[in-house]
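This briefing goes through one protein chain, topic by topic. Look at the sequence and the structure first, then read the points below.

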Amino acid sequence: MWVFWLNVLFLVFTSLHGLPLAEQFQKAGYVEISDRKQEAAAFDFLYARFDEFIEFLQANRAWARKLYNAKERFIRSKEQNYYSTDFFGFYDESDRRSQISFYYSIHFHEFISSRYPEFNQVPAISRFLEACLEVHRPYGNVFDEAAAELGLREIFSSEYGRPPILFKVIKYFPSYTATRPHYDGTAFSLFLDSTDDQSLHLSSYKASFTLDDFYSPERDKCSILLIPGTLLTEFSIYPTPHIVLQSGETRYATIAFAMRPNFTSPKIEFSPLPHFSR
Ligand SMILES: [Fe+2]
């Protein structure tokens with residue numbers, strides 16, 4: 001049975017370029033997966049719930065504070081170790097960076113629902129969290145498959161038996177401007193949906209970068225993109241730098257991050273990234 005599934009996985013990741021996954025990361029910086037797993041309508045629904053959620057929290061600052069306090073308590077719980085990060089919850093940076101994001105995880109959702117049952121009574125909050133739960137569900141398998149194909153299944157081993165997923169929904173406002181590309185502090189990042197695919201530019205990892213190294217991958221409308229983050233360098237898999245360029249319009253995107261359970265990331269200096277002004 002395992003052999004059968006491994007063959008299926010092998011096909012999923014090699015069908016486009018005929019290369020093993022590690023080599024595709026090295027050459028292009030990403031791998032395109034044609035099975036999107038969710039219909040476009042699922043993301044439209046998610047963004048509508050996100051707008052409702054943002055509107056409620058901006059109009060009701062006491063609830064925003066309560067959500068922030070819940071996050072502060074959550075990152076002191078043992079589940080935090082499973083994700084090895086402190087990024088959870090609502091980040092309203094509409095003033096400073098013209099963007100608002102929410103970092104969802106299933107354990108954070110469970111923590112809120114059980115410790116703060118009053119959140120369940122607020123439809124603008126509970127409906128958004130439910131939408132995140134539904135939309136992010138199928139992507140754990142993609143990370144399991146990627147790790148298996150690289151021979152790194154052990155990176156996700158934990159008492160929970162599945163990869164820790166941080167699911168990020170982000171809204172960019174027309175005044176958003178891009179400055180510098182970045183590396184994600186993840187094992188893998190999966191670009192699931194965007195209302196403007198062209199604004200994502202990336203490059204495979206290099207010893208040094210110029211602006212011309214960055215490009216927008218040509219892709220099928222219904223595909224998703226998998227890139228490596230900074231947490232796999234011990235296996236000689238280097239992170240793919242990327243940037244979301246300004247589009248002058250309101251834009252939404254959804255990304256799933258695979259983290260590493262109980263992992264302290266070593267201090268590594270990656271190649272410096274160029275400044276964008278185009
Ligand atoms: Fe990123």
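Leaving aside its neighbours within four places in sequence, Leu 226 is in contact with Tyr 30, Val 31, Ile 33, Val 142, Ala 146, Phe 188 and Leu 190; two residues are in contact if their C-beta atoms, placed from the backbone, lie within 7 Å. The model is predicted: local features need pLDDT of at least 70, side-chain atom pairs count only at pLDDT 80 or more, and totals for chains, interfaces and linings use all residues. Residues are numbered from 1 along each chain as its sequence is written.

**Overall build**

- The protein has 8 helices and 9 strands; helices (H or I, at least four residues) and strands (E, at least two) are DSSP runs, numbered from the N terminus.
- Its radius of gyration is 19 Å, close to the 19 Å that the globule rule gives for 278 residues, so the protein is as compact as a globular protein of that length. The radius is taken over C-alpha atoms, and the rule is 2.2 Å times the number of residues to the power 0.38.
- The C-alpha trace spans about 50 × 50 × 40 Å along its principal axes.
- Of the 278 residues, 35% count as buried. A residue is buried if 20 or more other C-beta atoms lie within 10 Å of its own, exposed if 12 or fewer, and partly exposed in between, with C-beta atoms placed from the backbone.
- Among contacts with a separation of 6 or more, 78% are accounted for by residues 24 or more positions apart.

**The sheet**

- Seven strands form an open sheet in the order E1-E7-E5-E9-E4-E3-E2, with antiparallel pairing. Two strands pair if DSSP finds at least two bridges between them.
- Strand E1 (31-33) and strand E2 (89-93) stand at the edges with a single partner strand each, so one side of each has no neighbour in the sheet.
- On average, neighbouring strands of this sheet are turned by 20 degrees against each other, direction ignored.
- Helix H7 (residues 123-136) packs on the sheet and touches strand E3 (99-104), strand E4 (165-172) and E9; the direction of H7 makes about 120 degrees with that of E4. Axes are lines fitted to C-alpha atoms, for helices over the stretch in contact, and angles run from 0 to 180 degrees between N-to-C directions.

**Strand E7 and its partners**

- Strand E7 (residues 224-228) is joined to strand E5 (residues 188-194) by 4 bridges, and the two run antiparallel.
- Within this pairing, Phe 188 stands opposite Pro 228, and Leu 190 has Leu 226 as its bridge partner.
- E7 also pairs with E1 in the antiparallel sense over 3 bridges, and here Ile 33 stands opposite Ile 224.
- Both faces of E7 are covered: Ile 224, Leu 226 and Pro 228 are buried on one side, and Leu 225 and Ile 227 on the other.

**Strand E9 and its partners**

- In E9 (251-258), 7 of the 8 residues are buried, so the strand is largely enclosed by the rest of the structure.
- E9 pairs with E4 in the antiparallel sense over 8 bridges, where Ile 165 stands opposite Ala 258.
- E9 is also joined to E5 by 6 bridges, again antiparallel; Phe 188 has Ala 258 as its bridge partner there.

**The nonpolar core**

- The largest nonpolar core has 67 residues, and Phe 143, Ala 146, Phe 188, Leu 190, Leu 226 and Ala 256 touch the most other members. A nonpolar core is a set of buried Ala, Val, Leu, Ile, Met, Phe, Trp, Tyr and Cys residues joined through C-beta atoms within 7 Å.
- In soluble globular proteins, nonpolar side chains tend to be buried together.

**Single residues to look up**

- Ser 84 has a positive phi of about 50 degrees although it is not a glycine. It is found in the loop between helix H5 (79-83) and E2, and is partly exposed, with 18 other C-beta atoms within 10 Å.
- Asn 262 has a positive phi of about 50 degrees and is not a glycine. Its place is in the segment after E9, and it is exposed, with 12 other C-beta atoms within 10 Å.
- Pro 274 lies in the segment after E9 and is partly exposed, with 17 other C-beta atoms within 10 Å.
- Leaving aside neighbours within four places in sequence, Pro 274 is in contact with Phe 209, Thr 210 and Leu 211. The C-alpha atoms of Pro 274 and Phe 209 are separated by 6.5 Å, although the two residues are 65 residues apart along the chain.
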